[in-house]
Structure formats: structure tokens, C-alpha cells
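Take a look at the model below.

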Amino acid sequence: MFDRIRNETRARPGWLVLPLAGLLLVTAIGAAARSAQPAAAAGSSLRQAAEAKGIRFGTALIATSNLSGNATYMATAAREFDAVTPGNEMKWGTVEPTQGQFNWTGADQIVAFAQAHNQVVRGHNLVWHSQLPSWVNSTNFPTATSVINVMQQHITTEVTRFAGKVIQWDVVNEPFNEDGSFRSDIFEQASVNNGTGPSGYIAAALRTAHQADPNARLYLNDFNIEGVNTKSTAMLNLVTSLKSQGVPIDGVGLESHFILGQVPSTLQQNIQRFVAAGVSVWVTELDDRITLPASAANLATQANDYASVVRACLAVTGCVGITVWGFTDLDSWIPGAFPGQGAADLFDSSINPKPAYSSTLTALGGSMASPSPTPTRTPTPTPTPSTPPGSVTATPVVASSSPFFNEEDLKLANTGTVTALTVTIVVQRTTGISFSGQYNTVGGSILQSNSSTASAVTYTFTLASGQTLGAGSGRVFAAQTSGSGTAHPTAGDTFTVTATSGGATTTQSGHF
Ligand code: XIL
């Protein structure tokens, strides 16, 4: 059944060698996942249905508290998906924030989760202009040779470390501008300067990755290359040119961050032309964003969008996998990156399946497990409680504290339903610091805004009208800044949380 993806899965052996700590972690995770697993019916999960069609169905995972503390999140990730991509944990800025000092914690956690659940790992990514640590800049590496050398060292270290555990790599991410020209980042500039032309670094990166793990499948990944257009034609020309030079290139990743109702009609045709050029195609980062609040009609359109992507992939042998960029609105990147938009995923922020889940499963040829028989006994009615009062605990966490990229998070846990909430985080605008972004892992209709003055950046999160938050924990409200100035937190980086639960309003404040 895995005909299409035999080559993509050949790095799977060797999973059983796990460090003890990882083993304990995955054992705990495995137990949580198994206990929540419904009775299996043929094709009653996305992964089962996809495997019956010979493709893989994956998700991005973020190594936050959800991956070790939210049993429903872990059980769903394990049950529905057979491929995993770390959302941020394998990026250069995460793994090597300082030259020569590596942090593999998040990446290892995700790899351990995948191994425990018989999932393959897509490595994302090795070379990208974004989320690049500040030490990698042309001032530190003034010659073209030194830039390309540092790139190759990074690739060799990371690919070697995960050899046998990561089946395929996005070796270069987002190399093109919208008009099909090469993006002018430090790698492209270096290869123009060393006489290998704008794609010289791409060939060098692919060759280096292949040397470090000859079994890994090597991909180039980009957005807005899903339909037939100038940018996808540029990618196709690059692939053809690399192949003619004997450069190892196995696949192209179509990110597929779609806007509701705008899946390109030429998706299948475009996949076909890449496959005809001799590479596999993987839909690598699928989501479908909606301007909030999402209506029932929006969710129905979204269901069509997801199904049409599945159909286009299944129609072309050589389209070997689909990965969604997060499976739940709980920890989607969309509200942070596109303020006012969200609800882009297969499951809602309470991890209940949305219409897009059913349409995706159906398009894969599966069907929902039959519901358990209706009980015949009449249940004793229980009185509906009025909203119970509950404690609300706010905990400040410094998630990242280098001068280049700072993230100060407020973590919220509440034992009763919260009916009104305002979270404010103030970050001092020290020299060189600028606004970078904000996000919450609560998802749904949380409203986000920010404002800044010469002295501070203020981030605000509030519940939308009518929105409530049931009891829960590990919810993250994140404030990000970037820049080359003072390391944060500094004195004056503060938070204030005002929450109403059970009719009582409490305010908590403090500093990072
Ligand atoms: C995004 C992550 O999901 C966010 O958490 C992060 O803040 C920014 O990057 N294209 C890519 C992904 O290739 O790496 C990006 O992931 C989304 C766009």
C-alpha cells in the first residue's frame, strides 16, 4: 500500500535506540495516546485512510506544553497522523542560537514523539533567510567562501545528528521572490559573489546534505508555488537545471497556506508537471485561513478546500504526502501571523473535528468510526450548575531571551470557566528592540492587538464578545520582540491579567 512512498520511508529503521529520558517521556506519551484511542475501524483516521491510498498524512507539531501536558492533543496527534514536522524546533535560530552551541531539546522531543507513534519526521529546515540567528550575517563572514562554509557546517552538523531519524529535509526554504527571481539573502549574495550564480548555494546545500545522510530525501520548499504561475515555473526550472547538473534533489514542497476559497484550480496540473520533471511532491504546510469570526458557511467552504487538496494529490502518483501546519486551532500560527484571521485547521481550539476533518477523511476514502450505540436507560438529570468560581493562575515565562529574538510569555491556568479576560504584556523598547509579533495558543476568537511608543511595546489579548474559556492549563500568550540591542527581559517588562470567573473579577500583575 506504500508504493508511492517506499523511497520516502527507507530511513525508518533504527528508531528503537532511544536515550533513557526520551524513552520515559515517550512511554508516558504513548500511554496517554493509547488510552484515548477509539476502537479502530478501517480508514477511520486520516493516517489509516492515507496509508490505504499509499500516501502519508502529517502534521506540524510545536514542542510546547501541549506535547507533554495535553492528553487530547497528544492522543489526536498520535491517532490521526503518520508524519510529523517540527514547527520551529529544527530551524537554525532554534538549534544554533550562538555559533557552535547547539540546543536540540525541542527537536529531540518531537522526534521521540514520532518514534513512539510510528510516525516519520520531515526535517524543516536547513537554509532559510528567516529565523536565522544574528551571528550568521555577512559582517561576521565577510567573504563568499566563509558564508558558504558556515552554511555547509550547519547542514552537516544537523543532518548528521538526525541521520536515520529524519526521512526528508527541506534543505532550502523559500528561495524565490514572487516574480520568480531568487530571493537576495546572504546565501544568494555569497553565491553570486563566488561566481556560482544565484542558485549556487542551493546546489551546494543539497550536495552537503546528501553527503551527511545519503538516505534522506532532499526537498526545496516554498509558498505560492501551488498553482501554475511565474513563481512555480521558476521552481520547476530550478529543479530541471539542478537535475541536469547531477545535483541530488528528490522533491518539492508546496507549502499551501491557503486563504478560504482560494485553492488554485491548477494545483493538480502543477503537481503533475513537477512529477513529470522527476521529483516527488509533498504538500508540506497546509492550512486554510478564515477572516474571524468563522461562520458555518465558511467552515463548509473550508471543508471543500481541504478535500480538493487531497483529491489533487491523490490524482498524481508522485504526490507522496500531505502535512497540515498544525492540526488544531489551539496552537495555529495563523492568528499571530495574520491578525484577524484564524480557524485554519482541521480541529477547533478544543480539539473537536471540524467539517474539514470529515471532508478530508472522506476524500482520502475513509469514514468516521461508527458511533457507539445509544444507551437505552434514561439518564438521571443533573442540575445545571451556574458558572462555578475558579482560581486563575498567571505565570510569566521567558521563552527566548537573546538580544536578537525575545519572547516573553504569560501562561494561564484556570479551574473554572473564564467569561472575561484581558492579558497585557509590556516590553521595554531598549536600544535596537522592535516589535516582532504576538500569538496565543488558545486560538479561536481571542483578539490580539499591540501598540508601541518610543519607550515600550504593549501587547494585548482579550476574549471576543461571547467567548468563554473552560477550565484548562498551559495556555500561552506570547509577546515577541527582535533586534540587536539589550538582552531581555529588562526591568519594566511586565504583565497584567484581569479575569472574570464565577462572577468574581481578579487582577494579577508582575514582571518577567
Ligand atoms: C512559522 C511557525 O509556524 C511560527 O511558529 C513561527 O513564528 C514562524 O514560522 N513557512 C514556513 C514555516 O516554512 O517555517 C513557517 O512557520 C510558516 C511559513
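In this predicted model, the side chain of Gln 131 has an N or O atom 3.2 Å from an oxygen atom of the ligand.

| Residue | Distance from a side-chain N or O atom to a ligand oxygen atom |
|---|---|
| Asn 88 | 2.9 Å |
| Gln 131 | 3.2 Å |
| Glu 285 | 2.8 Å |

How much of the ligand's accessible area does the protein cover? On its own, the ligand has 410 Å² of accessible area, and the protein covers 80% of that.

Now for the cysteines. A disulfide is a covalent bond that joins the sulfur atoms of two cysteines. This model has one disulfide. Cys 313 and Cys 319 form the link, with their sulfur atoms 2.1 Å apart. The angle about the S-S bond is -105 degrees, and the link of Cys 313 and Cys 319 is left-handed.

Are the two partners buried or exposed? Buried means under 20% relative accessible area. Cys 313 has 0% relative accessibility, so Cys 313 counts as buried. Cys 319 is also at 0%, and therefore counts as buried too.

Notes: Residues are numbered from 1 along each chain as its sequence is written. This is a predicted model: local features need pLDDT of at least 70, side-chain atom pairs count only at pLDDT 80 or more; totals for chains, interfaces and linings use all residues. Side-chain values use heavy atoms; hydrogens and water are left out. A disulfide is a pair of cysteine sulfur atoms within 2.5 Å. Buried means under 20% relative accessible area, exposed over 50%, partly exposed in between (1.4 Å probe, protein chains only). A polar contact is a pair of N or O atoms within 3.5 Å; within protein, one must be able to donate a hydrogen and the other to accept it, and residues adjacent in sequence count only if both atoms are side-chain atoms. Accessible areas come from the Shrake-Rupley method with a 1.4 Å probe; for residues, only the protein chains shown count as cover.
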